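Dear colleague,

I am handing over the structure below, and my notes on it follow. Please read them with the model open beside you.

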Amino acid sequence: MAASTLSVMCGIVAYVGARPAKDVVLEGLRRLEYRGYDSAGIAVLDGEEVELRRKAGPLANLEELLAVSPLPSSGTGLGHTRWATHGAPTDDNAHPHLDCKNALAVIHNGVIENHATLRAQLLEAGHRFRSETDTEVVAHLLEDAFGQSGDLAQAMRDVCRMIDGSFSLVAVHRDAPGVVVGARRNSPLVVGVGDGEMFVASDVAAFISATRDALELGQDQVVCVTPSGAEVTTFDGTVVNGRRYHVDWDISAAEKGGYDYFMLKEIAEQPDAVAATLLGRLTHEGTLALDETRLDPRLLRDVDKIVVVACGSAYHAGLIAKYAIEHWAGLPCEVELASEFRYRDPILDKQSLVIAISQSGETLDTLMAVQHAKEMGARVLAICNVNGSTIPRASDAVLYTRAGPEIGVAATKSFVTQLVAVYLVALYLGQVRGTKFGDEVAEVVHELAATPEKVAQVLQTMEPVREIARQLASAPTVLFLGRHVGYPVALEGALKLKELAYMHAEGFAAGELKHGPIALIERGVPVVIVMPPPTGRAVLHSKLLANMQEVRARGAYTIVIAEEGDTAVEPYADELVRVPRVATLLQPIVSVIPLQVFASELAVARGNNVDRPRNLAKSVTVE
Ligand code: F6R
């Protein structure tokens, strides 16, 4: 898989200097709260001991604990806000994690792919585990490595060569007072350079009130920090120069990574979010590894029908799931709005698999649909972004998207990762049921592995889309057309525009146009057309080309999203937005991005707050 930077989860802050680390770290964690989290913790060195306080829930819970059980005032410490991926959001799973001797503390952002194998080896060697996290293996590996070298930076380098996946790690050890060691691979880590004090953090927001001088760690590097300086090495110990820079953002811009709105930051995080959701789930041999879902392959072989239930954007991801499941798994698949599902009489039994898609895991309509399905004897697989939330707990199995916290109300990175998740499930069904040959599955697996890079490519070419959006800021309506998987993308594009820009917008299956909606077309009406790839199902392309001509002949202003090299669309496109070439079924991953950018830019041009659209809540917990 292409190297990518997984920056979407958890907050890290560590301090070494003359001030009490507990206060500086707590202040840093407050600055990282915007990232979203479900538990938090702090550890400081105190002579012979590592002192640790952790608490599930908001930082206020940790502060309450610190009020009754204060930490000592030493100058070396670290803290973490956790967004659960492995293990529920409990006190015990909160970071920092300690080794068996309570001699060292470690915090981690990312996913350790080979944690299960390492945990088994460490247990065998006599280590005791106290959490369900992937991170804890690092604490025990560091314990052994430090035992051999007595040097925390060397121990970190040794451990980094043993672990796979993405990680920013920071550790302190009681036998290395005044030292903080950090490491990174595919996940960011930055050093704040103060006057006689130093910081290590997942982003500059954590220390920007103390210093604006920063040192960026490169890929596969370890940093050893003391109050007077930092030494950076590669994982094999070669000393390198980190990049020094000055941060010129203020606090609020720093929280949003320099963007004006969280939603814009979340759109930009999509390559990372897609990469994180694929991590460890595709093998190099081109197969799917979804053991973590608790999906029993024997049960999947008996499934005779799939029903997807979801709301809003998640429902659109469900519509795309139908195409993927029917094509790769050869199973009949229905998709239903969760709010409608339980008010009819769906025919379900124990051979039915219900897939509930929900970012928050708390949407009441979807939860009720899950309960209804379970009462009817069906098995339920949740696709969810929030670890330990209600819908996965009410389901038989769960596949977590790893989009990280989504703060903007409109779904962006959560939607794209839901697409990744439904592709994984559809391919997995094809794999275990033998409906696709191994080489066919492998081909798609390789295509999927390349999608983070393709999403990044789209994001680099969005300036013309912003320009089109600004020009259309006073349009009364925008229509969206698509066919096949482009149809749900059209629906999603219209939903984004309605909720963010408060404009009338409609998505249509292009073939339906002639059955009514074409009456809406008059001179100047903007019509966004999501073109299928010209290769693959060529008939889809030629049909949509004809629809494009029909609307243009009636005066529509056509904004065409088309694959690179698709020259056939050029004569009929007033505006042409290019997306990279991907397989037909995977195209929504790239074609939805310009529609998100279009809606957000148009909303900003109309003076709207895109993070908090009027009348909407992030999670709808009423029916
Ligand atoms: C649209 C949007 C909503 C959600 C819907 C379901 O941008 O955010 O339509 O997709 O409310 O929410 P979850 O996925 O949390 O169940």
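Buried, as I use the word here, means under 20% relative accessible area, with exposed over 50% and partly exposed in between (1.4 Å probe, protein chains only). Helices (H or I, at least four residues) and strands (E, at least two) are DSSP runs, numbered from the N terminus. This is a predicted model, in which local features need pLDDT of at least 70 and side-chain atom pairs count only at pLDDT 80 or more, while totals for chains, interfaces and linings use all residues. Residues are numbered from 1 along each chain as its sequence is written, and side-chain values use heavy atoms, with hydrogens and water left out.

In helix α1 (residues 21–31), the buried residues are A21, K22, V24, V25, L26, G28 and L29. Among the elements that cover them are β1 (11–16), β2 (39–46), α2 (59–68), β4 (76–82) and β10 (198–201).

The domain assignment (bounds from an automatic or database assignment) gives domain 1 (11–258), domain 2 (269–449) and domain 3 (457–605). The C-alpha centres of domain 2 and domain 3 lie 26 Å apart, and their contact (heavy atoms within 4.5 Å) takes 21 residues from domain 2 and 22 residues from domain 3.

Between them, domain 2 and domain 3 bury about 1,800 Å², of which 74% is on carbon and sulfur atoms; buried area here is the accessible area (1.4 Å probe) that two parts lose on being put together, summed over both. Of the area that domain 2 buries against domain 3, H316, Y323 and Y423 supply 29%, more than any other three residues.

Across this interface of domain 2 and domain 3 the rule finds zero salt bridges, a salt bridge being a side-chain nitrogen of Lys or Arg within 4 Å of a carboxyl oxygen of Asp or Glu. On the side of domain 2 that touches domain 3, two or more residues each come from α8 (270–278), α10 (312–329), α14 (413–433) and α15 (438–449), and α10 gives the most, with nine residues.

Helix α8 deserves a separate note: nine of its nine residues are buried, so α8 is largely enclosed by the rest of the structure. The buried residues of α8 pack against α7 (262–268), β20 (397–400), α14, α15, α16 (451–459) and α20 (587–605). After α8 comes G280, whose phi is positive, near 75°.

With best regards
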